[in-house]
Amino acid sequence: PAGSGAPRPLRVRSTRFGRQHPEIKHTGLFGALYARRLAQRAGFDDAVFVDDGGAFSEGPTWNLGFAGADGGLVWPDGDALDGVTRELIAGVVPGTVRRVSALDGIAAAFATGSGAGIRPIASIDDVELDTAHPLLARIREAYAAIPPQAL
């Protein structure tokens, strides 16, 4: 059976990085996982990617989402693979897609992935974020209510 405990919130370091053909799922993860390892060696849990202009995109193996200052769901418009969990959430919780290049006006952040569902992000670099933001609970509830599909 799956574990019952929720994973602890992530502390991530922003890293300038862009995957080759991020819209295609592939096994070429050396650069992404190397960025993760460098972040871990610097005391963080993981990396989060920004492009040359500073816009956020994704993590090494997860999608990134934000709660805006108004409490609404925001997906960054940077180059990223739209994962299954992100697509499921986007289908049940309305949100916007926009460029996020600074954390001004961002109240919370979270990682999404098939392995961890919705995982709060406690900080990006030295910016602390709200891991108990109401949007995170709303997303978790909506995600849990999605009926499973038979294979």
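At 16% relative accessibility, Gly113 counts as buried (buried, under 20% relative accessible area; exposed, over 50%; partly exposed, in between; 1.4 Å probe, protein chains only). The model is predicted, so local features need pLDDT of at least 70 and side-chain atom pairs count only at pLDDT 80 or more, while totals for chains, interfaces and linings use all residues. Residues are numbered from 1 along each chain as its sequence is written, and side-chain values use heavy atoms, with hydrogens and water left out.

Gly113 belongs to strand E6. Helices (H or I, at least four residues) and strands (E, at least two) are DSSP runs, numbered from the N terminus. Between the C-alpha atoms of Gly113 and Pro134 the separation is 20 Å. Along the chain these two residues are 21 residues apart.

Strand E7 spans residues 117-124. Eight of its eight residues are buried, so E7 is largely enclosed by the rest of the structure. E7 pairs with E1, E6 and E8; pairing requires that DSSP finds at least two bridges between two strands.

With strand E1 (residues 10-16), the pairing is parallel and runs over three bridges. Here Arg11 stands opposite Ser123 of E7. With strand E6 (residues 106-113), the sense is antiparallel and there are five bridges. Phe110 has Pro120 in E7 as its bridge partner. A hairpin of three residues joins E6 to E7.

Strand E8 (residues 127-128) also pairs with E7, in the antiparallel sense, over two bridges. The hairpin of E7 and E8 has two residues between the strands. Within this hairpin, Asp125 takes a positive phi near 55°.

Charged side chains were examined next. A search of the whole structure finds four salt bridges (a side-chain nitrogen of Lys or Arg within 4 Å of a carboxyl oxygen of Asp or Glu). Among them is the pair of Asp45 and Arg8, whose closest N and O atoms are 2.9 Å apart. Asp45 lies in the loop between helix H1 (30-41) and E2, and Arg8 in the segment before E1, so the pair ties together parts that are 37 residues apart in sequence. Asp45 is buried, at a relative accessible area of 18%.

Arg16 forms a salt bridge with Asp52, with 3.1 Å between the closest N and O atoms. This pair links distant parts of the chain, 36 residues apart: Arg16 sits in strand E1, and Asp52 in the loop between E2 and E3. Arg16 is exposed at 62% relative accessibility. Asp52 is exposed at 69%.

Arg86 and Asp82 form another salt bridge, their closest N and O atoms being 3.5 Å apart. Arg86 is buried, with 9% relative accessibility, whereas Asp82 is partly exposed at 41%.

Glu23, Asp51, Asp77 and Asp79 gather in a surface patch of negative charge. Patches are made of residues with over 30% relative accessible area and no salt bridge, with like charges joined within 9 Å and nonpolar side chains (Val, Leu, Ile, Met, Phe, Trp, Tyr) within 5 Å. Accessible areas come from the Shrake-Rupley method with a 1.4 Å probe; for residues, only the protein chains shown count as cover. Asp and Glu count as negative, Lys and Arg as positive; His and the chain ends are not counted. The place of a charge is taken as NZ of Lys, CZ of Arg, CG of Asp or CD of Glu. Asp51 is found in the loop between strand E2 (46-50) and strand E3 (63-68). Asp51 is partly exposed, with a relative accessible area of 35%.
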